[in-house]
Each structure stands twice: as C-alpha cells, then as structure tokens.
Amino acid sequence: MADAGVVVIHTDGACRGNPGPGGWGAVLRYGSNMKELWGSETETTNNRMELTAVISALHALTRPSKVQVFTDSSYVQQGISKWVHGWKKNGWKTSAKEPVKNEDLWRALDQLASLHQVEWRWVKGHAGDAGNEHADALANRGIDELLTRVRS
C-alpha cells in the first residue's frame, strides 16, 4: 500500500512482433481515484512502448507529485535510475560511444521525471502483480484496437 499523497503508477508495453504493432498501458492511482491510459503505434518496438507508457502516465499528472512507478521493464527502470546520467554527461552516447537508442523518448522521460519525486520500482511481469496485469491488459487493448481499425 502506498503512502498517502503518493501517486502509484503501473505501466507496461507490448508488441506483436518486435518491431511490429505495439501498445502501451498505464494505471494511475491516487487515493480512491484511478485513471487508465492506453495507446498504440503501428510499427514500433517493445522498448519504445514501455517508455511511452511511463511518459504518458507522467504527462497526465497535473502538478508536481510524489510518484511510485512500477514497471516490469528493467530497461526502463535501470535506464532512468542509472544509465541516463552517463548518457547525458556523454552527449547522449553509450559507454561504447554509440548513440543512445530511443534517445527522443529518454529525453522526454528524463524531463518529465524531473518535475516529480519519482521512485522507480521493478516488478516481475506476468507474475500475478495486479497493477502490472492491469497495465498489460491495457497495452494489449491498445494493440487490439489498432488492429481492429487497420482491418476495417
């Protein structure tokens, strides 16, 4: 259970093929309030959808907040907690001097996260965590809705 005054966010991204059609989902909870967000892209990667889920959730906040973000993506959790600092210091290059993949999304996430007090938490995916399962269902809903539109 989260502390009072903390926005709890669960996010997930999904892709059918990698790259392929992808979806993202986020569940935001503050006290007794809950908001669901989801979306999709026609040709994307799982990592881009994982990042988009968190960006969309943080973008939905209307004021600076204390936030706990739960993600099953170690790429997102490690990237924003550890790697981003070195990337910025090295001009958005990896330790191997290669351009950072998904730099546009990492920059957006870094900027949005700086507006809040964020605690980044990793959870094992598809392991029964209710928040993660909810976010996963929303990510798949995004893909399903996209594929329905494409077929119409």
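The legends below walk through several close-up views of this predicted model.

Residues are numbered from 1 along each chain as its sequence is written. Because the model is predicted, local features need pLDDT of at least 70 and side-chain atom pairs count only at pLDDT 80 or more, while totals for chains, interfaces and linings use all residues; side-chain values use heavy atoms, with hydrogens and water left out.

View 1. Helix H1 covers residues 46-59 (helices, H or I of at least four residues, and strands, E of at least two, are DSSP runs numbered from the N terminus). Among the buried residues are Met49, Glu50, Leu51 and Leu58.

**View 2. The largest nonpolar core.** This core has 29 residues, and Ile9, Leu58, Trp106, Leu109 and Trp120 have the most contacts inside it (a nonpolar core is a set of buried Ala, Val, Leu, Ile, Met, Phe, Trp, Tyr and Cys residues joined through side-chain atoms within 4.5 Å). At least two residues each come from strand S1 (6-15), strand S2 (20-30), H1, strand S4 (66-71), helix H2 (74-89) and H3. H1 gives the most, with seven residues. In soluble globular proteins, nonpolar side chains tend to be buried together.

**View 3. Where H2 meets H3.** The two helices pack at an angle of about 95°, with their axes 11 Å apart (axes are lines fitted to C-alpha atoms, for helices over the stretch in contact, and angles run from 0 to 180 degrees between N-to-C directions). That makes H2 roughly perpendicular to H3 (under 35 degrees is roughly parallel, over 145 roughly antiparallel, 65 to 115 roughly perpendicular and the rest oblique). Tyr75, Val76, Gly79, Ile80, Val84, Trp87 and Lys88 in H2 meet Trp106, Leu109 and Asp110 in H3 (contact means heavy atoms within 4.5 Å). Leaving aside neighbours within four places in sequence, Trp106 also has Leu51, Trp92, Val100 and Lys101 among its contacts.

**View 4. His116 in its loop.** His116 sits between helix H3 (103-113) and strand S5 (117-122). At 11% relative accessibility, His116 counts as buried. Its side chain reaches the backbone nitrogen of Ser65 at 3.0 Å (a polar contact is a pair of N or O atoms within 3.5 Å; within protein, one must be able to donate a hydrogen and the other to accept it, and residues adjacent in sequence count only if both atoms are side-chain atoms). Not counting residues up to four places away in sequence, His116 touches Leu58, Leu61, Arg63, Pro64, Ser65 and Val67.

View 5. His126 lies in the loop between S5 and helix H4 (130-151). With a relative accessible area of 58%, His126 is exposed; beyond four places in sequence, it touches Asn132, Glu133 and Asp136. At the start of H4, a side-chain oxygen of Asp129 reaches to within 3.2 Å of the backbone nitrogen of Gly131. The buried residues of H4 include Leu138, Ile143, Leu146 and Leu147, and what covers the buried residues includes S1, S2 and S3.

Notes. The expected span of a helix is 1.5 Å times one less than its number of residues. Buried means under 20% relative accessible area, exposed over 50%, partly exposed in between (1.4 Å probe, protein chains only).
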